[in-house]
Amino acid sequence: MTKPHDRPSSRHLVPPELAGILENFPHVDFSTGLEAYRGNFIGDEMPPLPPELKAISCEERIIPGPEGAPDIRILIYRPQIAAENPGPALLNVHGGGYVIGVPEQNDLANRTKAMKLQCPVVVTSYRLAPETQWPGAVEDCYAALCWMQANAGKLGIDPERIALSGESAGGGHAAALAIHARNKLRQDAKAPKICFQLLDSPMLDDRTGTGSSADQHPFTGEFMWRPELNQYGWKALLGQEPGTDTVPEAAVPARVAELADLPPCCITIGSLDLFLEESLEYARRLTRAGVPVELHVVPGGFHGYTLAKHWKLVQMIDDIELHALARAMGVKLD
Amino acid sequence: MTEPKCSHLVAPELLPGLENFPSLDFNLGLETIREGGLGQQMPEMPPELAAVSCDERHIPGLNGAPDVRLLVYTPPGKASAPRPAVCHIHGGGYVIGTAEINDFGNRAMAVEVGCVIVSVDYRLAPETRWPGSLEDCYAGLCWMADNAGELGIDASRIAVAGESAGGGHAAALAIYARDKKGPAICFQLLDSPMLDDRTGTDSDPHPHTGEFIWTAERNRFGWEALLGVKPGGADVRAEMAPARTEDLSGLPTTFISVGSLDLFMEENIEYIRRLSRVGVAVELHIIPGAYHGFGAAGMSPQFVQVTELRNDALARALGG
């Protein structure tokens, strides 16, 4: 695994429980092209599902995309019996640096959420970069949200209780979707609403990993998601060099000046994650805008640490996230 | 009285705590407030906490200062091996409070983690200016290390912990011990720590923090009492406030928990960020809808959650 020159290693800050992930996760290098990584590259390990998760149905649907854009493929996970009808629902956006990933990749986590929250979980696909640049993907996510609102009756959803979640680039898209939905709602009171945003290790700021090496955090971003991958992903999304003055504010959540009236937000982030500082800053700015905020920095977690399902702190964070969602969605957990 | 502007941001379970908390209006005079105590309405002490022994000790102060009073909490029973230990420092804005105010919490921590806790009853400001109270804490820490055998503690597993001004002292103690090449500290457990005299003096105050319990005005009062100069200015030297310390490298692993409405939220985020930049292992939890001192609301879900997170982090750090 390469690391930038003149940087101290953060390896000693990685807890032993995570060593296996570091050793076994394939080295990602987009400079050779994306083809090898497209498809279910990051997918959850697929051990046999325990009966309670198998009992969660997973249905694929094709729904209308934004005007003039292609249809969108979504997955809907549903418990056999929803706790409430109409009840809350979760819209999840997958990660993959804006350039890879599929809705299936978080199958285990999404089934678990559907089971524990006893409500539908809609996982949307979106057009990937670089083939589709901003704002295509966030508009796809918005189309999925609109579809949930329009079909709330059939789905048994209370449109006032739709929460949003995403990890990594999915967290970036989720944050951008929350902003987009707020803007639409300001123009039209009948536009769909989001009651909460759960951002797990979100990719919020194109400026991270650019600039001189003196500015860069010496201990974050060494593992899994590195500055050069971040630059690649943002460049693909934006269609221009990240970290420059010509990047439009609206395309990057961390650059958006006005954060008032966004939904309450929970951010979780590993202390070794490249996105640590931008997560801290986004949380801080949200609080200044009067948005209720919860933030958890997980010690020793690099980007993607949640793959370590056996690690106690992953269980802790999963539990924190579940409770944050349940509270916002008005769900009483067992 | 005008309706507090941020009450809609307070978590509903924590609203009762705002009524429980005694007034900290320093215009009433410190004596009045000190006599009133921090009004902790403690539930009845359950037997497992009552079983923790609490011994009062008096040890020499540093450099001829008066003796320092300590409360030493030891879990019941005979340990099979030396126990880890916590040097605990109470809060109170640097100007009020006693080691007793955390009696319940310290007993619970001793039982939960299986550690010895030494709570330092340091001299308060303004009667004692910086660095008097810091030196009292350092005396306590050195005494723990020097008497590890008698106390039944493992001197390689001593953490520092504190809430509010106590967290400020704990952070300062970690820096002081590092610089003096004093006893090793393996972990700092900081609960809403008071780290930065500049907070509450800036021209761009956070619109939603510091409305309840601990305000910018009280913060300026507390820091001025400690430092003997107006806070936030060039008169304050880097060594006087942890947040002003330039070199944070080599400090112990740090845990901070703080409410999202706490005046200290921003300075705490910044401290964690700066520690992470010099390779210190960090953990941070911002509790939504929580004001400074939200423990006043009793066993709220937020309090239960943060207590679990703190105990878990402490157990991990102390090798539990």
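The legends below describe close-up views of a predicted model.

**Figure 1. Helix H7 of chain A and the residue that follows this helix.**
Helix H7(A) comprises the twelve residues 227-238. The buried residues of H7(A) are A:Pro227, A:Leu229, A:Asn230, A:Gly233, A:Trp234, A:Ala236, A:Leu237 and A:Leu238. Helix H6 (169-187) of chain A is included in what covers these buried residues. Just after H7(A), A:Gly239 adopts a positive phi of about 75 degrees.

**Figure 2. Helix H4 of chain A and its buried residues.**
The 15 residues of H4(A) should span 21 Å at 1.5 Å a residue, which agrees with the separation of 21 Å between the end C-alpha atoms. Eleven of these 15 residues are buried, and H4(A) is therefore largely enclosed by the rest of the structure. Among the buried residues are the aromatic side chains of A:Tyr142 and A:Trp147.

**Figure 3. Packing of helix H9 of chain A with helix H10 of chain B.**
Two packed helices are described by the angle between their axes and the distance between the axes. For H9(A), residues 312-329, and H10(B), residues 301-317, the angle is about 170 degrees and the axes are 13 Å apart. The two helices are therefore roughly antiparallel to each other, since angles over 145 degrees count as such. From H9(A), the residues A:Lys312, A:Leu313, A:Met316, A:Ile320 and A:Arg327 take part in the contact. Their counterparts in H10(B) are B:Gln302, B:Gln305, B:Leu309, B:Asp312 and B:Arg316. By class, four nonpolar, two polar and four charged residues make up this contact.

**Figure 4. A:Gln315 in helix H9 of chain A.**
A:Gln315 belongs to helix H9 of chain A and counts as partly exposed, because its relative accessibility is 44%. When residues up to four places away in sequence are not counted, A:Gln315 touches A:Lys309 and A:His310. A:Tyr232 lies 83 residues from A:Gln315 in sequence, and the C-alpha atoms of the two residues are 31 Å apart in space.

**Figure 5. Cysteines A:Cys58 and A:Cys119, neither of which is in a disulfide.**
A disulfide is a covalent bond between the sulfur atoms of two cysteines. The structure holds zero disulfides over all chains. A:Cys58 is accordingly in no disulfide, and the nearest cysteine sulfur, that of A:Cys119, is 14 Å away. For A:Cys119, the closest cysteine sulfur is that of A:Cys195, at 9.8 Å, which is too far for a bond; the cut-off is 2.5 Å. With a relative accessibility of 36%, A:Cys58 counts as partly exposed, whereas A:Cys119, at 1%, counts as buried.

**Figure 6. A:Ser10 in the segment before helix H1 of chain A.**
A:Ser10 is placed in the segment that precedes helix H1 (19-24) of chain A. Its relative accessible area is 1%, so A:Ser10 is buried. Leaving aside neighbours within four places in sequence, the residues in contact with A:Ser10 are A:Phe219, A:Glu222, A:Phe223 and A:Leu272.

**Figure 7. Cis peptide bonds in chains A and B, and positive phi values in chain A.**
Most residues other than glycine have a negative phi, and most peptide bonds are trans. In chain A, the peptide bond from A:Ala129 to A:Pro130 is cis, with omega near 0 degrees. A:Pro130 is located in the loop between strand S4 (121-124) and helix H4 (136-150) of chain A. In chain B, a cis peptide bond joins B:Trp130 and B:Pro131, with omega about 5 degrees. The loop that holds B:Pro131 runs between strand S4 (116-121) and helix H5 (132-146) of chain B. A:Ser201, although not a glycine, has a positive phi of about 45 degrees. A:Ser201 lies in the loop between strand S6 (196-200) and H7 of chain A and counts as buried at 6% relative accessibility. A:Met224, likewise not a glycine, has a positive phi of about 70 degrees. A:Met224 is found in the loop between S6 and H7 of chain A, and is buried, with a relative accessible area of 16%.

Conventions. Residues are numbered from 1 along each chain as its sequence is written. Chains are lettered from A and ligands numbered from 1 in the order in which they are written. This is a predicted model: local features need pLDDT of at least 70, side-chain atom pairs count only at pLDDT 80 or more; totals for chains, interfaces and linings use all residues. Side-chain values use heavy atoms; hydrogens and water are left out. Helices (H or I, at least four residues) and strands (E, at least two) are DSSP runs, numbered from the N terminus. The expected span of a helix is 1.5 Å times one less than its number of residues. Buried means under 20% relative accessible area, exposed over 50%, partly exposed in between (1.4 Å probe, protein chains only). Contact means heavy atoms within 4.5 Å. Axes are lines fitted to C-alpha atoms, for helices over the stretch in contact, and angles run from 0 to 180 degrees between N-to-C directions. Angles under 35 degrees count as roughly parallel, over 145 as roughly antiparallel, 65 to 115 as roughly perpendicular and the rest as oblique. Ala, Val, Leu, Ile, Met, Phe, Trp, Tyr, Cys and Pro count as nonpolar, Asp, Glu, Lys and Arg as charged, and the others, Gly among them, as polar.
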